[in-house]
Amino acid sequence: MKQEINNPVALLVHACDRYELLYKGFEYFFNKYWKDPGGINYYFATEDIFTEVKGFKNIRSGKGQWSDRLRCLLESLPEDYVLYFQEDMWLSAPVNPAFVSRLVALARSNNWSLVKLHSADVYTTIPGPDNIEGFNISQLDNHASRYLMSHQVSLWRKDFLIAQLKTDEHPWRNERRGTQRLKKINPHIFHADYFAENGHMPINENGEMTGRSAYYSISRNASVLPSAKQFIDDMLSEGGSMEAYARKLQHNMVNGLTHDGLPRPKKQDIFKKIKNILRKM
């Protein structure tokens, strides 16, 4: 899948070791639906463990906080633009390589810092003059949008993404504080409805969209979500090792287990927690 050409883009899958159970499913659906447009180098990033994911080079960050690990990975990559994925974002419809190629060319020619590629109702957009395959490349209204920093599928200029990664931020803090920081500097952020994220409808003023793709986030808090059912059913029909893998995912989902096979932690009432602490003092 990797092609050696001048000035390629990095497609980075940012994974954590605790979610190793999801790697096989990501690989299966990515290779089923992704059509390589050329000009992309593929990286699957873990912490310490070594993994083999078809079509990807495994790179490792070592342990550490989320923002520090991602910065380490980005600084090791030679590419100037990064298509960002996570291991629990599973493709569910074919990707049009013509859209990807034209998007990258347009981003480069205009030196765009960020193009969000997922539909979500947290964004308010303003129509733009550029269209690709019927998709309007809109601009975010930064003040009206609820989130500007997010970790869904997006095309980033690498140096701009690195600048949003402050030391020792977990992903939720990075999204919250990163949004506040971006609202202050008010950069141009662009948006295309290319991926239907978790079934979201388009939000821009598009034309006749050609080859819209989709993905679902199939995990939250280290547990398999019900949205994984369609993927599990697909893999069950494959038989063999994929069926066995799908049954393991199904078992964890039905029984409320985490990806490492442990019971999901129970949320404790904050007042009970304080009382327990005071009782021990």
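Analyst: Helices (H or I, at least four residues) and strands (E, at least two) are DSSP runs, numbered from the N terminus. This is a predicted model, where local features need pLDDT of at least 70 and side-chain atom pairs count only at pLDDT 80 or more, while totals for chains, interfaces and linings use all residues. Residues are numbered from 1 along each chain as its sequence is written, and side-chain values use heavy atoms, with hydrogens and water left out.

Start with the pocket. On a 1 Å grid over the protein atoms alone, a pocket is an open set of points with protein on both sides within 12 Å along at least five of seven lines; a cavity is a set where a 1.4 Å probe fits but cannot get out; lining residues have an atom within 4 Å of a point. The largest pocket holds about 1,000 Å³ of space, a volume being the space filled by probe spheres set on the points, which are joined across faces, edges and corners. Its lining has 34 residues, with Gln86, Asp88, Pro171, Trp172 and Ser219 nearest the centre. Helix H2 (66-75), helix H5 (171-185), strand E13 (213-217) and strand E14 (219-220) each give at least two lining residues. H5 gives the largest share, three residues.

Now the cavity. The whole structure has one of 30 Å³ or more. The largest cavity has a volume of about 70 Å³. Residues lining this cavity include Trp34, Leu83, Phe99 and Tyr194. Strand E4 (81-86), helix H3 (97-110) and strand E12 (190-197) each supply at least two. H3 has the largest share, with four residues.
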